[in-house]
There are 4 protein chains.
Amino acid sequence: MDDKLIIGGHEFDSRFILGSGKFSLEIINAVVKMGGAEMITLALRRANEGGEENILDYIPENISLIPNTSGARNAEEAVRIARIAREMNCGDFVKVEVIRDSKYLFPDNHETVKATEILAKEGFVVLPYMYPDLNVARDLVNAGASAVMPLAAPIGSNKGLATRDFIKILVDEIDLPIIVDAGIGRPSQACEAMEMGVDAIMCNTAVATSRDVSLMARAFKLAIESGRAAYLAGMGRVLAGKAEASSPLTGFLED
Amino acid sequence: MDDKLIIGGHEFDSRFILGSGKFSLEIINAVVKMGGAEMITLALRRANEGGEENILDYIPENISLIPNTSGARNAEEAVRIARIAREMNCGDFVKVEVIRDSKYLFPDNHETVKATEILAKEGFVVLPYMYPDLNVARDLVNAGASAVMPLAAPIGSNKGLATRDFIKILVDEIDLPIIVDAGIGRPSQACEAMEMGVDAIMCNTAVATSRDVSLMARAFKLAIESGRAAYLAGMGRVLAGKAEASSPLTGFLED
Amino acid sequence: MDDKLIIGGHEFDSRFILGSGKFSLEIINAVVKMGGAEMITLALRRANEGGEENILDYIPENISLIPNTSGARNAEEAVRIARIAREMNCGDFVKVEVIRDSKYLFPDNHETVKATEILAKEGFVVLPYMYPDLNVARDLVNAGASAVMPLAAPIGSNKGLATRDFIKILVDEIDLPIIVDAGIGRPSQACEAMEMGVDAIMCNTAVATSRDVSLMARAFKLAIESGRAAYLAGMGRVLAGKAEASSPLTGFLED
Amino acid sequence: MDDKLIIGGHEFDSRFILGSGKFSLEIINAVVKMGGAEMITLALRRANEGGEENILDYIPENISLIPNTSGARNAEEAVRIARIAREMNCGDFVKVEVIRDSKYLFPDNHETVKATEILAKEGFVVLPYMYPDLNVARDLVNAGASAVMPLAAPIGSNKGLATRDFIKILVDEIDLPIIVDAGIGRPSQACEAMEMGVDAIMCNTAVATSRDVSLMARAFKLAIESGRAAYLAGMGRVLAGKAEASSPLTGFLED
């Protein structure tokens with residue numbers, strides 16, 4: 001099946017994007033492989049850690065790095081971080097994160113639109129992390145975003161698809177890849193989002209807080225593939241107030 | 001990973017059990033293969049259709065057939081059907097279905113316990129279809145069942161895990177394989193049930209009512225494997241009222 | 001509005017039935033009044049406590065007492081308790097509880113049907129506490145029950161309408177008053193059950209575990225009245241994937 | 001109980017705010033009375049309809065009118081409508097609605113903040129209708145809003161509390177009255193919102209689409225009072241995986 005995810009002109013087979021923040025260097029490689037991820041996000045600071053160890057050494061070749069602007073509190077700071085990342089040869093992808101709320105870590109939608117507009121003009125492939133508001137998603141399209149990354153629930157919470165109805169609206173109305181980012185806590189939730197027509201899933205905490213991170217990475221890989229296949233296959237109808245025998249042959253014994 | 005499903009002393013690698021009632025003969029083979037199923041249930045009538053075509057010719061070798069007692073309205077009729085199936089060389093497995101409600105097709109728990117007891121004594125590997133009631137599940141254990149098959153929602157409804165809380169109780173309290181049967185409509189629901197610790201999923205309608213039955217069979221296969229892996233890996237904690245940055249390195253830009 | 005609840009030929013204005021088990025004697029009177037309850041259930045043991053204080057002294061006149069068979073593990077014990085209650089002049093009402101599971105305290109449906117049949121023949125107004133299984137509800141109708149009392153969730157759990165879909169089926173299919181009993185934790189859940197067409201709500205723990213039991217009793221009274229009114233008024237349609245302006249006059253400013 | 005809702009220095013006993021858009025003039029009076037509303041919102045156009053009939057004649061004295069800026073697509077238009085309303089002697093209250101999406105009718109949060117800031121400086125009591133985004137709610141506080149009105153679901157949809165988790169966050173973090181506006185379809189949903197600590201509920205469609213609008217108005221009144229009482233009383237704990245007998249006296253019969 002030739003079913004590619006295309007972001008900013010780049011093609012991907014995997015629809016599972018991995019965050020790296022919560023992984024120790026030692027396990028990143030295993031997790032990427034078990035999850036079949038082709039993209040991994042990275043805080044600039046982390047790319048830049050210096051010292052003897054470098055996270056980049058732990059990430060397999062042929063994986064696309066997506067630097068994020070973690071730490072930025074406004075558009076200006078996000079733009080500055082993105083430019084530094086490009087100078088460090090991290091490529092043209094950038095995940096824009098602008099966060100000014102330190103308890104729930106919600107993205108600032110308005111500043112995110114501003115940063116997206118500036119960076120898109122500078123040739124970045126911009127993936128903005130956003131609170132799933134249809135009006136803002138439209139502004140991001142106009143600002144030149146290459147995808148939108150709405151949150152499912154507060155980041156790191158593992159609470160699942162708390163914004164379900166509003167992400168479905170983005171799927172229906174926005175003509176860009178929709179990547180659900182933040183809050184997905186279990187593979188079944190990733191699967192459900194994909195069934196709804198979401199294009200990809202990003203997660204980190206759900207894998208990192210599992211007892212067996214490699215096996216959980218594999219569970220997410222399978223769930224995302226499953227949800228995609230189900231979306232393409234088309235879901236069957238739901239009956240409201242009754243049952244329907246599986247078999248047209250069903251009848252009572254003596255009938 | 002050596003993670004077998006064991007029912008009545010038989011080992012299986014697949015945790016996806018397929019119902020056959022809604023499939024035409026032509027597609028059964030493809031569906032079994034795409035779904036990776038090793039067990040398929042079959043109404044006696046269907047095994048017995050006679051005529052030129054025989055469903056058995058369409059089922060791959062090395063697949064375990066599980067005749068069901070579809071059509072039985074009480075224990076006596078179920079026992080009679082099971083015995084006929086054995087005489088037809090359908091083997092020792094039997095899925096006990098006793099249904100007297102023609103609108104919702106709910107199993108009659110009390111008659112199901114009676115049939116299970118009789119058939120278990122006769123050496124059958126009995127898999128009773130049941131309404132998920134803990135007291136009855138305990139009675140089925142005592143009656144010699146080899147697994148219990150609680151319903152998720154009315155059969156054929158695709159409504160999903162409407163009995164979620166009560167199936168979880170069976171998982172916690174009953175020391176037999178728990179196979180969720182009936183009502184599962186989407187792969188994400190199968191995945192969620194497996195995450196809860198259910199041992200296997202049976203479905204038919206969700207696959208049969210999809211636009212692309214082979215692809216949907218594959219979606220279920222992946223979802224069930226995913227949920228199983230997640231259960232074994234252990235789910236991470238859920239935060240109640242806040243977020244947690246993915247990265248321990250997260251901090252604001254100028255910090 | 002002349003909207004009476006009729007159980008076993010008795011008419012009630014209130015659809016809120018109060019359990020007494022978790023209340024101290026001192027507060028029972030206040031709770032009954034604030035909740036506007038006309039029926040209160042009572043364990044035989046409690047009616048029978050003897051000593052200087054007697055619970056009956058704390059229950060306002062004109063309140064119907066409904067002794068329950070708490071402590072019974074099978075039909076025979078339930079029948080015995082009911083007969084003792086009648087001899088103690090507790091009246092003809094009896095709530096049948098047969099429980100053999102000490103962790104989840106689920107009713108034993110099969111023994112409950114047996115006890116109901118015996119007691120109904122002896123002229124009791126029988127209100128059986130049950131696990132919401134349609135087949136069993138039909139058996140209870142045939143056994144002569146005057147109402148059925150399906151559980152919403154494990155008793156005392158405050159978990160809410162975990163059996164929602166199955167209680168709705170009882171509302172649609174069973175021609176007796178449906179009283180949701182056990183598990184309701186918040187007034188909104190009682191309201192939702194009433195909106196579905198349930199006839200009355202019984203609760204105890206949700207009120208007893210509140211900081212202010214009198215005020216919570218009043219909250220339940222209002223919620224139950226609200227849900228009943230909404231059921232009678234008829235709920236409006238739900239739109240699937242769009243909005244609809246409240247005003248037919250709505251238009252943009254310059255239109 | 002002295003439990004007043006205070007908005008912009010005005011005190012109200014009722015926490016039910018009625019929208020008028022979907023009501024015919026004939027029934028407005030009855031609905032206001034049955035719902036016990038003290039505030040009713042009104043599109044300027046409607047106040048301004050002219051002709052022989054005037055909506056104001058149908059609204060009982062002592063009801064606070066809250067003109068809304070329905071029809072405004074940006075801050076400037078909203079400000080213009082608000083000023084006209086004041087000149088028409090509609091008072092100082094204004095509900096700011098800025099909507100540029102004609103399918104889901106979602107408010108434009110950014111323009112809403114701008115309009116709020118201008119109008120608050122001009123002395124209006126500003127109640128902004130908003131998409132429930134914590135960052136924006138904080139901006140509205142800073143802009144001088146007197147309350148915030150987050151949506152539960154698309155307006156007129158009757159879908160209920162689709163934004164539940166995010167409204168709860170506003171309740172916890174924002175030190176202004178929170179009025180849930182749009183999407184509430186049933187009294188139980190209004191009750192649940194109030195249990196969470198929301199300060200008031202606004203609705204129109206749920207009442208207007210009922211078969212019996214007066215009775216449904218009364219159902220909402222009761223539900224809102226119930227939810228408020230429950231919030232003040234304090235909800236009891238929820239048990240995770242077990243039951244708890246209502247009675248400390250519970251024990252099996254022969255114990």
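This dialogue reads the chain contacts and a few single residues of a predicted model.

Biologist: Start with symmetry. What rotation superposes chain A on chain B?

Modeller: A rotation of 180°, with 0.0 Å of shift along its axis. The RMSD is 0.0 Å. That is the relation of a two-fold axis. Keep in mind that the model is predicted.

Biologist: How do I read whether the copies meet through the same surface, for chain A and chain B?

Modeller: Compare the interface residues of one copy with those of the other. For chain A, 100% of the interface residues are also interface residues in chain B, so these copies meet through the same surface. For chain D, 100% of the interface residues are also interface residues in chain A, so that pair likewise meets through the same surface.

Biologist: Which pairs of chains have no contact?

Modeller: Chain A and chain C are one such pair; their closest C-alpha atoms lie 8 Å apart. Chain B and chain D are another, with closest C-alpha atoms 8 Å apart. Contact here needs heavy atoms within 4.5 Å.

Biologist: Now the interface of A and B. How many residues does the contact take from each chain?

Modeller: It takes 70 residues from chain A and 71 residues from chain B. The area buried between the two chains is about 5900 Å². Carbon and sulfur atoms give 58% of that area.

Biologist: Which elements of chain A give two or more residues to the side that touches chain B?

Modeller: They are α2 (44-47), α3 (75-87), α7 (187-195) and α9 (213-233) of chain A. α9(A) gives the most, with 13 residues. By class, this side of chain A has 28 nonpolar, 21 polar and 21 charged residues.

Biologist: Turn to D and A. How many residues are in contact?

Modeller: 26 residues of chain D are in contact with 26 residues of chain A. The area buried between chain D and chain A is about 2200 Å², and carbon and sulfur atoms give 51% of it.

Biologist: Which three residues supply more than any other three of the area that chain D buries against chain A?

Modeller: D:Y131, D:N135 and D:F166. They supply 28% of that area.

Biologist: How many salt bridges are found across the interface of chain D and chain A?

Modeller: The rule finds 8 salt bridges. D:K159 forms a salt bridge with A:D165, and the closest N and O atoms are 3.5 Å apart.

Biologist: Which elements of chain D give two or more residues to the side that touches chain A?

Modeller: α4 (109-121), α5 (134-143) and α6 (164-173) of chain D. The largest share, 5 residues, comes from α6(D). The residues of this side divide into 11 nonpolar, 4 polar and 11 charged.

Biologist: Is C:L105 buried or exposed?

Modeller: The cut-off for buried is under 20% relative accessible area. C:L105 has 12%, so C:L105 is buried. D:N158 has 4% relative accessibility, so D:N158 counts as buried.

Biologist: One more loop residue. Where does B:M196 lie?

Modeller: In the loop between α7 (187-195) and β10 (200-203) of chain B. B:M196 is buried, with a relative accessible area of 12%.

Biologist: Which residues does B:M196 touch, not counting those up to four places away in sequence?

Modeller: B:L161, B:R164, B:I167, B:K168, B:V171 and B:Y231. Take B:R164: it is 32 residues from B:M196 along the chain, and their C-alpha atoms are separated by 9.1 Å.

How values were computed
Residues numbered from 1 in each chain as written. Chains lettered and ligands numbered in written order. Predicted model: local features only at pLDDT ≥ 70, side-chain atom pairs only at ≥ 80, totals over all residues. Heavy atoms only, no water. Least-squares fit on C-alpha atoms with pLDDT ≥ 70 in both. Buried area = accessible area lost by both parts, 1.4 Å probe. Helix = DSSP H or I, 4+ residues; strand = E, 2+ residues; numbered from the N terminus. Nonpolar A, V, L, I, M, F, W, Y, C, P; charged D, E, K, R; others polar. Buried < 20%, exposed > 50% of the residue type's maximum accessible area, 1.4 Å probe, protein only. Salt bridge = Lys/Arg side-chain N within 4 Å of Asp/Glu carboxyl O.
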